[in-house]
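Here's a quick briefing for anyone meeting this structure for the first time. Have a look at the sequence and the model, then read on.

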Amino acid sequence: MCGIIGYIGNQNKKETIINGLRELEYRGYDSAGMAILQNDDLKVFRAVGKLTNLESTIINAKLHDEVFCGYGLAIGHTRWATHGSPTEINAHPHIGTQSALVHNGIIENYKELKQELESQGVVFSSQTDTEVIVHLFESYAKNYTAQEAFSKTIQRLIGSYAILLITKLEPNKIFYAKQHSPLMIGVCSKQHDEHKGGAIFFASSDAALIGLVDKVVYLQDGNCGEIDMYGFQNLHNIQPFYANKISAQKEGYRFFMEKEIYEQESILLETMMGRVSEDGIILDELDSDFFERFRSIAICACGTSHHSALVGKYLIERKARVRVTTHIASEFRYAKPVLEKDELFIAISQSGETADTLQALKLAKDEGLITLAICNVDNSAMVRLADYSLLTRAGIEKGVASTKAFATQVMVLWIFSVLLGIKRKRINEIGIKSEIKAMLNAQKATKVQAQIHDKIKRLSRRYLHGHGFFFIGRDIFYPLALEGALKLKEISYLHAEGYPSGEMKHGPIALADSELFTLALMPKNLLYNKNKSNVEEIIARDSTICAITPLDFDLADDVVKIPNYQSYMEEFFAMMVILQLLALEIAVRLNRDVDMPRNLAKSVTVE
Ligand code: G6P
């Protein structure tokens, strides 16, 4: 949610900030802006909509290139609106008389602060919570040094924030603060001299720093300070930064989402590496007494990650016979959940920064539960907070609609469930061998077959109208149905719901007619006949059916056939790919913005 970039150095600041924001645009794209402080001149540019509009605004300002070159400071922001609609006036940077500021997160006490400042005569121009910060800073700066004023300002804020501020009062420094919202500082050590400086970068996510820096500091909650060109070496916890640019580009695919669907086959191998082999299953991250420390499990997550939590429940209960409850994180926090001390709390998150899940994890930790984060981003807030973590190793996921992150989460949960089953003596040697075989085959089942993709491209044109979609399945195919429906909703804006097949007759079947499309997940290896009866009930009401199954099913209007696999998990992963491709191709036909669907953000770091 929102992206932040900052820069100190001699490079062209317009290009540096725009390039950085381009890498972060997938996090929010309601508006964008930048501020440049150079030769005692503070310039601010803002524009509604995507980054290209900001570029046009700057071009239209008809400034000489010298304005952007030479030593100076710059900050940039790409916004996903929370407080205040996505207008230019609400876009960041927010400005005072001599300072500019960008902010990710939410200032919960902004109303009180605003009243206080208004009573001093400060006039606000935006409806945002952010604007109070810059005015508060300038108000303190009347009586204190810029350093003191910034620190006093930050002490007054309640909520979550990653903040960068530049001010004419200290024209060589960027002020920064972090609380519950990611922020990092990086340098390229080859170009950076401790005494002569070089360039300093700030970013709210790794993606913006790839190829630019080789050393980073991930700021911690409570970090607040200022830095000039020479200050990097004085920071604590400097770490090497290895990410490479190739992995962050589209590599010939039309969309990041498409690339990420195709990548799943190789990514799942990464996920399994060192964990699953012919010889057995290992999770090095979990020590031997870990498995003895709990009697039940609570899993908490949001969005797609919540769907993998639901898959995890079926898998863990079936394979390890350990009771599992699943929770939507935004509901969990305020529901006064009953937490048992001998319960394992698992937070699942692609980003590791989702505010709702992070706060739920904190709550569980404060209650003394043993905690585990299943997460894609090392060093993320959740990984740092949890007692244990299992990385899903999906690599950077750029498509806002999550695909490979989901696949890897399910794989990690499957590995975890089998290992727990082994430790709890619920799975014997034969069982272990067959699980391992199924895992290795399931990875292969995610390979996108050209003829299947072509079929889905053709099929998609018949599923562009109607009054809605139902995705139905049983058991683990029910959360997969939820995920299929979510994918379609997210990127095509068509109305779609996931339902357990057996539940349709208890209400939703009332909607069935020929303009209702039902996507039926009909695996051969799990409850095929039960499912078939449910699908036939819907066919009898004239709904248009697209069945995804390895078996012949003449009653369906369309059938997407998957190979004849030996296990339901292979069928699960094969069907997952089909649902992802179907959502993609329908969205393409409807001319939607696949990688940046409206109103969504990749990582939601506000409640
Ligand atoms: C946002 C994204 C979803 C994602 C959810 C949870 O809403 O748009 O795709 O599933 O956040 O994100 P997380 O990073 O915690 O998995």
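About 30 Å³ of space lies in the second largest cavity of this predicted model. A cavity is a set of points on a 1 Å grid, over the protein atoms alone, where a 1.4 Å probe fits but cannot get out. Its volume is the space filled by probe spheres set on the points, which are joined across faces, edges and corners.

Some ground rules: residues are numbered from 1 along each chain as its sequence is written, and side-chain values use heavy atoms, with hydrogens and water left out. Local features need pLDDT of at least 70 and side-chain atom pairs pLDDT 80 or more, while totals for chains, interfaces and linings use all residues.

**The second largest cavity**
- The structure holds 2 cavities of 30 Å³ or more.
- Lining residues (those with an atom within 4 Å of a point) of the second largest cavity are Phe406, Leu480, Glu483, Gly484, Lys487, Met576, Leu579 and Gln580.
- Helix 14 gives the most to this lining, with 4 residues; helices here are DSSP runs of H or I, at least four residues long, and strands are E runs of at least two, both numbered from the N terminus.
- The lining splits into 4 nonpolar, 2 polar and 2 charged residues, where Ala, Val, Leu, Ile, Met, Phe, Trp, Tyr, Cys and Pro count as nonpolar, Asp, Glu, Lys and Arg as charged, and the others, Gly among them, as polar.

**The second largest pocket**
- This pocket has a volume of about 510 Å³; a pocket is an open set of points with protein on both sides within 12 Å along at least five of seven lines.
- Of its 28 lining residues, Gly303, Thr304, Ala601, Lys602 and Val604 are the closest to the centre.
- Elements giving two or more residues to the pocket lining include helix 7 (303-320), strand 18 (343-349) and helix 14 (477-492).
- The pocket lining divides into 12 nonpolar, 12 polar and 4 charged residues.

**Helix 1 and helix 2**
- Helix 1 (residues 13-24) and helix 2 (residues 51-60) pack at about 170°, their axes 10 Å apart; axes are lines fitted to C-alpha atoms over the stretch in contact, and angles run from 0 to 180 degrees between N-to-C directions.
- The two are therefore roughly antiparallel, a label for angles over 145 degrees.
- Lys14, Ile18, Leu21 and Arg22 in helix 1 meet Leu51, Leu54, Glu55 and Ile58 in helix 2, with contact meaning heavy atoms within 4.5 Å.
- That contact comprises 5 nonpolar, no polar and 3 charged residues.

Terms used
Angles under 35 degrees count as roughly parallel, over 145 as roughly antiparallel, 65 to 115 as roughly perpendicular and the rest as oblique.
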